[in-house]
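Try each task yourself before reading its solution.

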Amino acid sequence: MSPRGVRGIAAAAAALAVLSACAPPAAPQSNVPTSTPTTMVSGVPFTLLTHCGIYEARVQDTFFAAEQPLDDGHGNPPAGWGNPYQSGTITVEGHSAVFRDDSGHTVTFHERPGATSFLRTCS
């Protein structure tokens, strides 16, 4: 290598060393997430199928099963619920969804990972 090339490399290395030494230490970042983000849908209008009881819900492409299924024992929704549907809102946070309506009904559902359809069909 020529003396000129050696001097160029030496100058570049010296400049890099000076620039690196002048940089202040990086400050800790307080806005960096510490856990994986969850999908959240908050208070979105939702029409829950209740015709054969309350067993499942589908929100976008995710299927959920009721934590505590509800029916009247004869394949219908419990007393006080609309049939075939009940209007309200649904909130999805992580792997759970909560349905609420103006009548005070609340149902918690849990995600069925990998599900591509409902567990049961209703006529």
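**Exercise 1: Partners of Glu-56**

The side chain of Glu-56 makes a polar contact, at 3.3 Å, with the side chain of Arg-112. Keep in mind that this is a predicted model.

Task: Find which backbone nitrogen the side chain of Glu-56 reaches, and work out whether Glu-56 is buried or exposed.

Solution: 
- Start by finding Glu-56 in strand β2.
- Next, follow the side chain of Glu-56: it comes to 3.3 Å from the backbone nitrogen of Arg-120.
- Now check the accessibility. Buried means under 20%, and Glu-56 has a relative accessibility of 9%, so it counts as buried.
- Finally, look around. Leaving out residues up to four places away in sequence, Glu-56 touches Leu-48, Phe-109 and Phe-118, among others.

**Exercise 2: The core**

Task: Which residues touch the most other members of the largest nonpolar core?

Solution: 
- This core has 15 residues, and the ones to pick out are Phe-46, Leu-48, Phe-99 and Phe-109.
- Then see where the core comes from: the elements that give it two or more residues are β1 (40–49), β2 (54–59), β3 (62–70), β4 (85–93), β5 (96–100) and β6 (106–111).

**Exercise 3: The pocket**

Task: Say which residues lie nearest the centre of the largest pocket, and how its lining divides by residue type.

Solution: 
- The largest pocket holds about 250 Å³ of space.
- Of its 16 lining residues, Leu-49, Glu-56, Phe-118, Arg-120 and Cys-122 lie nearest the centre.
- Sort the lining and you get 8 nonpolar, 5 polar and 3 charged residues.
- Strands β1 and β2 each supply at least two of the lining residues.

How values were computed
Residues numbered from 1 in each chain as written. Predicted model: local features only at pLDDT ≥ 70, side-chain atom pairs only at ≥ 80, totals over all residues. Heavy atoms only, no water. Core = buried A, V, L, I, M, F, W, Y, C linked by side-chain atoms within 4.5 Å. Buried < 20%, exposed > 50% of the residue type's maximum accessible area, 1.4 Å probe, protein only. Helix = DSSP H or I, 4+ residues; strand = E, 2+ residues; numbered from the N terminus. Polar contact = N/O pair within 3.5 Å; in protein donor to acceptor, adjacent residues only side chain to side chain. Contact = heavy atoms within 4.5 Å. 1 Å grid on protein atoms, 1.4 Å probe; cavity = no way out; pocket = protein on both sides within 12 Å on 5 of 7 lines; lining within 4 Å. Points joined across faces, edges and corners; volume = space filled by probe spheres on them. Nonpolar A, V, L, I, M, F, W, Y, C, P; charged D, E, K, R; others polar.
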